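This report is meant for a reader meeting the structure for the first time.

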Amino acid sequence: MMRMSKSACFMLSAAFILMLTGDTAAGVRKPAVAGTFYPSDSAELSRMVDGHLVAAGEIPSIDGQIIALVVPHAGLIYSGPIAAYSYKLLENSNVNTVILCGPSHRLGFDGVSVYGPGITWQTPLGDVKCDDSVCQTLLDYDGISVIPEAHINEHCLEVQLPYLQTVLKEFEIVPALIGYRNHDNIKRLEGALSRVTDDARTVMIASTDWQHYRPASQGWKLDSAGIDCIKRLDPDALESYLQQGRTEACGGAALVAVMRAAIAKGANRAKILKYGDSGDLTGDKSSVVGYAAAVIYKSDGKDTSNPTEPSGGETMKSDSSPKFELTDADRHLLLEIARTSIDCHLNKKPLPDYDVSQTLRDNGAAFVTLNKSGRLRGCIGYTMAFKPLWETVSECAVKAAVEDPRFPPVIAGELPELHIEISVLTPLERVKSLDEIKVGRDGLMISLGMQRGLLLPQVATDYGWTETEFLQQTCRKAGLPLDAYKSPNATIERFQAVIFEEE
């Protein structure tokens with residue numbers, strides 16, 4: 001049986017594209033969502049895009065070379081105001097090749113599909129050609145092919161084009177859709193992207209929305225977990241969180257691949273430019289979709305203490321103390337809020353209004369621990385900062401009292417006997433080497449599959465554990481074998497805490 005060359009296979013794929021689209025012009029991908037996701041009238045579309053870019057205002061300059069951007073892909077009336085924050089960074093740039101990466105919403109398939117070379121994409125603002133050479137570079141990678149039917153009605157890449165056509169003078173695209181959102185397909189896209197020559201005129205774009213149709217307060221909890229992985233430039237944690245359901249992003253697989261390829265190209269910083277949700281426009285926060293804009297870049301700065309740590313102090317250096325400060329007044333008030341919240345819940349009374357400092361109004365992660373007669377009576381907390389710190393403490397205090405599954409609910413008569421301890425946490429940081437862990441300073445969270453366990457820093461100190469014992473006991477807390485932390489699939493994260501208690 002005669003075998004066809006790869007070039008011959010491509011020629012047949014291109015011919016199939018023409019039959020599938022029914023276009024008379026060879027190799028044209030016509031707009032699929034003009035008139036629905038964005039205006040079909042060119043003047044109206046230009047006004048919308050220009051308005052979003054103007055409203056984004058002045059974006060802080062990036063100290064270095066932009067490697068990748070993260071953008072949403074919903075109807076532009078909803079996601080466009082967020083996406084504009086990323087696209088503002090490309091204004092007056094010399095970028096001429098844009099590699100667009102996103103998920104296939106309408107067709108499931110194994111591998112990655114590149115809709116080129118030889119294809120021209122149309123929008124109401126004009127035509128955009130493919131960078132044939134880079135398209136072929138991706139197609140030369142095993143598991144990447146041309147699957148036209150994946151692209152014909154897909155919106156996640158198309159809605160990016162009006163912004164690119166507005167902020168860039170001359171450019172070409174490489175449109176890539178990831179199929180099934182599994183590890184193998186992530187590795188395929190990552191490997192292919194890493195083969196593209198790194199230069200200042202090429203940028204990758206990861207197209208993703210975040211959680212869908214939850215109340216904004218719940219949605220932010222999920223979104224913040226994934227967005228924090230971007231800030232920390234930690235694609236391994238993001239992939240793990242997506243698998244565990246700790247965050248949701250329809251384009252998460254493409255984002256993981258882009259992040260890893262960006263790191264391979266020298267990226268060492270990330271910055272979140274804007275977060276919002278659909279309720280910002282509608283005013284209805286009961287059911288929202290989350291959107292985020294971010295930039296991943298190669299910093300020219302001199303701070304190389306952590307090559308994958310975002311600039312601006314967004315995560316902690318290995319040997320630093322907690323980055324925030326709580327005054328004595330802040331600590332006293334948080335303890336009062338914790339005790340009063342339990343009392344109000346048990347006695348069905350409204351929580352009084354509190355005049356809190358800006359520090360306590362900022363989002364914060366915390367655990368509340370209840371002890372009675374020197375023994376644990378309940379402990380609940382949040383590892384992600386998704387609501388004001390004082391609200392986090394209030395909610396966790398009540399949950400520790402009545403929802404810790406290890407203990408019966410606290411009753412009103414017990415309240416005078418309870419001793420309250422609060423631990424305010426720094427952001428979780430992926431452990432790349434066990435040498436980074438310091439007993440007495442760090443708390444640990446270990447995740448493997450759907451199981452995870454967390455122990456606060458003071459637990460290891462109280463029991464006098466060694467580093468190995470601390471790791472083993474955190475595995476035990478997760479319901480895992482004691483040596484599960486050694487598994488290559490285990491995720492180990494550390495954090496620090498400001499710990500204070502009632503006198």
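## Helix α12

Helix α12, which covers residues 328-346, has 19 residues and reaches 28 Å from its first C-alpha to its last, close to the 27 Å expected at 1.5 Å a residue, where the expected span is 1.5 Å times one less than the number of residues. Helices (H or I, at least four residues) and strands (E, at least two) are DSSP runs, numbered from the N terminus. The model is a predicted one, in which local features need pLDDT of at least 70 and side-chain atom pairs count only at pLDDT 80 or more, while totals for chains, interfaces and linings use all residues. Residues are numbered from 1 along each chain as its sequence is written, and side-chain values use heavy atoms, with hydrogens and water left out.

The buried residues of α12 are Asp 330, Leu 333, Leu 334, Leu 335, Ile 337, Ala 338, Ser 341, Ile 342 and Cys 344; buried means under 20% relative accessible area, with a 1.4 Å probe and protein chains only. Their cover includes α13 (358-361), β13 (365-372), α14 (389-402), β15 (418-425) and β20 (497-501). Just after α12, Lys 348 takes a positive phi of about 55°.

## The chain as a whole

The chain has 16 helices and 20 strands, and of its 503 residues 54% count as buried. Among contacts (heavy atoms within 4.5 Å) between residues at least 6 apart in sequence, 78% join residues at least 24 apart.

## Nonpolar cores

A nonpolar core is a set of buried Ala, Val, Leu, Ile, Met, Phe, Trp, Tyr and Cys residues joined through side-chain atoms within 4.5 Å. The largest has 125 residues, and those with the most contacts inside it are Tyr 87, Val 98 and Leu 164. Helix α10 (residues 252-264) gives this core its largest share, 9 residues.

Leaving aside neighbours within four places in sequence, Tyr 87 is in contact with Leu 53, Val 71, Gln 160, Tyr 163, Leu 164, Val 167 and Ile 205.

## An open sheet

An open sheet is formed by 4 strands in the order β16-β19-β17-β18, with antiparallel pairing; two strands pair if DSSP finds at least two bridges between them. Because β16 (429-430) and β18 (451-455) stand at the edges with a single partner strand each, one side of each is left without a neighbour in the sheet.

Strand β17 (residues 443-448) is joined by 5 bridges to the antiparallel strand β19 (residues 491-495), and Ser 447 stands opposite Thr 491 in β19.

Definitions and conventions
Buried < 20%, exposed > 50% of the residue type's maximum accessible area, 1.4 Å probe, protein only.
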